[in-house]
Amino acid sequence: MLSVRDVHKSFGDNHVLKGVSFDVGEGDVVAVLGASGSGKTTLLRCLEFFEHADEGEMELDGMSVDLTTHSAKITRQIRQKTAFVFQNYNLFNNKTALENVMLGLTVARKTDKEKAREIATAALAKVGLAERLDYYPCELSGGQQQRVGIARALAVNPKIIFFDEPTSALDPELVGEVLDTIKQLAKEGTTMVVVTHEMSFARDVATKVIYMDGGVILEQGKPDKIFTQPENERTRKFLARYLQDFDYNI
Ligand SMILES: Nc1ncnc2c1ncn2[C@@H]1O[C@H](COP(=O)(O)OP(=O)(O)OP(=O)(O)O)[C@@H](O)[C@H]1O
Ligand SMILES: [Mg+2]
């Protein structure tokens, strides 16, 4: 489904991504873990062409692209196949939930308004917001706003959804409702790459875990393996810090 090869990205002399390669199969839920500054957001942004990589390629749904390209046409084609869920929701504050979700359809996909309304209503119902269609972001809780963000991603029926720390801006009591929504999508076979610090989510829901450190993937594999027998000392230390509450012997 998605194959990423040898991505490099620098900001000035800060070499942030130093050759990142990984594969995502159809229906995979890939959890990307790693310390702050390890390059997780930059990696996702390069795949969505919010940033231009200095080197690297990807193959997505049969389409091969050079990640350094500035071509508007290729950017558009890739964004037809993908959706992005942001840490801070990125909703338009002057639009209702329904209008926010419709915009992704009417503007980027040229869907006609009535059809867009139908699809957006269904997407919002799916994330449990059927009763909140006409609410503005300021009238919704953080968890509800993020579920609007997820509905907006779902509405365009993407091949893959990228999530950048979808719960890290939320109050702790609101994290669960958003994770439950993502879990439900996982159950339905939605292909997703999720940058997260929620270790129990990574352990229980992900089909694959990637651990990033200093701009490289230090370790990747099935959650069982990474969480119980990490091969790298740095992975072990990172997980130990987060897993104090878990009964793991690492
Ligand atoms: N637009 C930018 N301009 C300059 N430097 C940047 C930019 N975006 C990211 N960086 C730098 O790239 C490095 C990696 O940042 P990135 O946001 O990808 O890390 P991260 O793993 O997502 O961290 P966090 O867990 O804190 O979100 C950092 O050193 C950051 O300062
Ligand atoms: Mg980040």
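Two strands count as paired if DSSP finds at least two bridges between them. Strands (E, at least two residues) and helices (H or I, at least four) are DSSP runs, numbered from the N terminus. This is a predicted model: local features need pLDDT of at least 70, side-chain atom pairs count only at pLDDT 80 or more, and totals for chains, interfaces and linings use all residues. Residues are numbered from 1 along each chain as its sequence is written, and chains are lettered from A and ligands numbered from 1 in the order in which they are written.

**Sheet**
- An open sheet of 6 strands runs in the order β6-β7-β8-β3-β9-β10, with mixed pairing.
- Its edge strands, β6 (82–85) and β10 (216–221), each pair on one side only.
- Neighbouring strands are turned by 20° against each other on average, direction ignored (axes are lines fitted to C-alpha atoms, for helices over the stretch in contact; angles run from 0 to 180 degrees between N-to-C directions).
- Helix α5 (residues 142–155) packs on this sheet and touches β6 and β7 (160–164); contact means C-beta atoms, placed from the backbone, within 7 Å.
- The direction of α5 makes about 175° with that of β6.

**The β3–β9 pair**
- β3 (residues 29–34) and β9 (residues 208–213) pair in the parallel sense over 5 bridges.
- Glycine 34 stands opposite methionine 212 in β9.

**Ligand 1**
- The residues around ligand 1 (C-beta atom, placed from the backbone, within 6 Å) include Phe11, Gly34, Lys40 and Thr41.
- β2 (14–24) and α1 (40–47) each give two or more residues to the shell.
- The largest share, 3 residues, comes from α1.
- By class, the shell has 2 nonpolar, 8 polar and 1 charged residues; Ala, Val, Leu, Ile, Met, Phe, Trp, Tyr, Cys and Pro count as nonpolar, Asp, Glu, Lys and Arg as charged, and the others, Gly among them, as polar.

Definitions and conventions
Two residues are in contact if their C-beta atoms, placed from the backbone, lie within 7 Å.
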